[in-house]
Amino acid sequence: MTEAVLELAKSLCDQGTEEETLRLMCATACQTLDHLLLDGVTAEDCGDSYKLAAAWMVMDWLKDSQDWAGVTALSAGDLTVRRESGQKDSGRLSHRAMELMAPYIRDHAFVFRGVRG
């Protein structure tokens, strides 16, 4: 499935992205989704949703790793880069990928904690 995700990611990403980097990110996105799949559900059971979700995750990771948005200060001596957190777009595609995969994955965001009464 990684190869299918790689082909889709190549078509969606900038042409300047190295293929080996993209391949590694695609493999990691597939592993992430595989880990979240419901018992008995395979990547193939998810159809194109799996491929698109994994490719969106890769695009999001690339954007976050290459984006200079939010940089508030840059120094040249002893190189310092300051970045403000809480960017609106950060993680947007990954969030949409999880929404797309919702019928096929375990709810990984919910935690139930008991409270002493």
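**Figure 1. Surroundings of Ser-94 in the predicted model.** Ser-94 touches Met-57, Asp-60 and Trp-61, leaving out residues up to four places away in sequence. The model shown here and in the other views is predicted. Ser-94 is found in helix H4, which covers residues 92-100. The relative accessibility of Ser-94 is 18%, and the residue therefore counts as buried, the limit for that class being under 20%.

**Figure 2. Overall fold of the protein.** The protein has four helices and two strands. Along the sequence they follow the pattern α-α-α-β-β-α. Of the 117 residues of the protein, 26% count as buried. The accessible surface comes to about 8100 Å², and carbon and sulfur atoms account for 52% of that area. Among contacts between residues at least 6 apart in sequence, 65% join residues at least 24 apart.

**Figure 3. The largest nonpolar core.** In soluble globular proteins, nonpolar side chains tend to be buried together. The largest nonpolar core of this model has 26 residues. Within this core, Leu-22, Leu-33, Tyr-50, Val-58 and Met-101 touch the most other members. Two or more residues each come from helix H1 (2-12), helix H2 (19-36), helix H3 (48-66) and H4. H3 gives the largest share of this core, eight residues.

**Figure 4. Contacts of Tyr-50.** Which residues does Tyr-50 touch, not counting residues up to four places away in sequence? They are Met-1, Val-5, Cys-30, Leu-33, Asp-34, Ala-43 and Met-101. Two of these partners, Leu-33 and Met-101, are listed with Tyr-50 among the residues that touch the most other members of the largest nonpolar core.

Figure 5. The 18 residues of H2 should span 26 Å at 1.5 Å a residue, and the end C-alpha atoms are 26 Å apart, which agrees. Leu-22, Met-25, Cys-26, Ala-29, Cys-30, Leu-33 and Leu-36 are buried in H2. Seen down the axis of H2, the buried residues fall within an arc of 140 degrees, so they line one face of the helix. An α-helix has 3.6 residues a turn, so residues three or four places apart point the same way. On the other side of H2, Glu-20, Leu-24, Gln-31 and His-35 are exposed.

Figure 6. A disulfide is a covalent bond between the sulfur atoms of two cysteines. How many disulfides does the structure hold? The structure holds zero disulfides. For Cys-26, the nearest cysteine sulfur is that of Cys-30, 6.7 Å away. Cys-26 has 0% relative accessibility and so counts as buried. Cys-30 also counts as buried, at 4% relative accessibility.

**Figure 7. Buried residues of helix H1.** Val-5, Leu-6 and Ala-9 are buried in H1. They cover an arc of only 105 degrees around the axis, which puts them on the same side of H1. One of them, Val-5, is a contact of Tyr-50.

Figure 8. Arg-23 has its place in helix H2. Its relative accessibility is 25%, so Arg-23 counts as partly exposed. Leaving out residues up to four places away in sequence, Arg-23 touches Thr-2, Glu-3 and Leu-6. The C-alpha atoms of Arg-23 and Val-5 are separated by 8.8 Å, while the two residues are 18 residues apart along the chain.

**Figure 9. Thr-17 between H1 and H2.** Thr-17 lies in the loop between H1 and H2. Is Thr-17 buried or exposed? At 17% relative accessibility, Thr-17 counts as buried. Apart from neighbours within four places in sequence, Thr-17 is in contact with Leu-22 and Leu-62. Leu-22 is also one of the buried residues of H2.

**Figure 10. Asp-107 and Leu-36.** Asp-107 is found in the segment after H4. Asp-107 is exposed, with a relative accessible area of 59%. Asp-107 and Leu-36 are 71 residues apart along the chain, and their C-alpha atoms are separated by 8.2 Å. Leu-36, in H2, is buried.

Notes. Residues are numbered from 1 along each chain as its sequence is written. This is a predicted model: local features need pLDDT of at least 70, side-chain atom pairs count only at pLDDT 80 or more; totals for chains, interfaces and linings use all residues. Side-chain values use heavy atoms; hydrogens and water are left out. Buried means under 20% relative accessible area, exposed over 50%, partly exposed in between (1.4 Å probe, protein chains only). Contact means heavy atoms within 4.5 Å. A nonpolar core is a set of buried Ala, Val, Leu, Ile, Met, Phe, Trp, Tyr and Cys residues joined through side-chain atoms within 4.5 Å. A disulfide is a pair of cysteine sulfur atoms within 2.5 Å. Accessible areas come from the Shrake-Rupley method with a 1.4 Å probe; for residues, only the protein chains shown count as cover. The expected span of a helix is 1.5 Å times one less than its number of residues. The arc is that of the directions from the helix axis to the C-beta atoms.
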